[in-house]
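Here are my notes on this model, point by point. Please read them with the structure open.

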Amino acid sequence: MEVILGDITKLEVDAIVNAANTSLLGGSGVDGAIHRAAGAELVDECRSLRGCKIGDAKLTKGYRLPASFIIHTVGPVWRGGNNKEPELLAQCYYKCMQIAGDKEFNTLAFPCISTGIYKYPKILAAEIAVKICEEQLQKNGCPQRVIFCCYDQENYEIYTKILSEMIH
Ligand code: ADP
């Protein structure tokens with residue numbers, strides 16, 4: 001597992017994860033950036049998927065992205081923490097890791113799901129992300145590289161701290 005600070009649409013990996021909404025038809029934040037960079041064909045494929053539930057994940061091609069595939073997942077909106085937000089966020093990471101494992105992807109990059117417009121507290125979200133990915137890596141040894149692609153300094157520092165504390 002590693003952390004980088006940057007734009008996920010620029011990464012040459014087997015798959016990037018999109019923090020989508022239930023329609024899968026594009027939105028703001030990282031979702032908008034991915035749809036813009038992938039091009040209009042992406043929305044056609046997304047339309048055929050007929051939406052995605054919160055905590056679930058669906059695979060599409062990457063189209064004009066440097067990444068080959070996109071795993072679209074829908075994180076929970078933070079509504080205080082007592083509305084299954086932790087379970088649903090954990091499900092997102094779990095499902096994405098499962099798909100990556102099934103497809104034998106070597107490299108997978110995640111954005112900080114739900115920590116933008118959906119307002120999930122960043123530290124709590126990062127703890128779940130790292131825990132679930134670590135568990136799945138221990139179990140399946142796949143994908144070989146999991147990249148947490150942070151777009152803001154605060155998330156970058158949070159992930160850096162959590163990952164460094166795991167090593168020592
Ligand atoms: P959500 O609705 O799940 O909160 P957002 O897109 O609003 O989704 O935010 C999720 C995270 O993605 C935020 O931490 C935001 O800073 C980050 N983000 C926005 N644009 C990009 C990008 N191009 N690459 C990587 N992360 C991004």
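1. Is Ile128 buried or exposed? The model is predicted, and in it Ile128 has 23 other C-beta atoms within 10 Å. The cut-off for a buried residue is 20 or more, so Ile128 is buried.

2. Ile128 belongs to helix 4, residues 122-140. Leaving out residues up to four places away in sequence, Ile128 touches Pro86, Leu89, Ala90 and Tyr93. Asn106 is another matter. Ile128 and Asn106 are 22 residues apart in sequence, and their C-alpha atoms are 22 Å apart in space.

3. How many residues of strand 2 are buried? The count is 5 of the 5 in residues 15-19, so strand 2 is largely enclosed by the rest of the structure. Both of its faces are covered. Ala15, Val17 and Ala19 are buried on one side, Ile16 and Asn18 on the other.

4. Look next at the partners of strand 2. Ala19 has Thr73 of strand 4 as its bridge partner. With strand 5 (residues 107-110), strand 2 pairs over 2 bridges, again in the parallel sense. Here Ile16 stands opposite Ala109 of strand 5.

5. Strand 5 also pairs with strand 6 (residues 145-150), over 4 bridges and in the parallel sense. Ala109 finds its bridge partner in strand 6 at Ile147.

6. Which residues are closest to the ligand? They are Ala19, Gly29, Gly116, Tyr118 and Tyr151, out of 21 residues that surround the ligand. Ala19 is also one of the buried residues of strand 2. Helix 1 (residues 29-38) supplies the largest share of the shell, 4 residues. By type, the shell divides into 11 nonpolar, 7 polar and 3 charged residues.

Notes. Residues numbered from 1 in each chain as written. Predicted model: local features only at pLDDT ≥ 70, side-chain atom pairs only at ≥ 80, totals over all residues. Near = placed C-beta within 6 Å. Nonpolar A, V, L, I, M, F, W, Y, C, P; charged D, E, K, R; others polar. Buried ≥ 20, exposed ≤ 12 C-beta atoms within 10 Å, placed from the backbone. Contact = placed C-beta atoms within 7 Å. Pairing = 2+ DSSP bridges.
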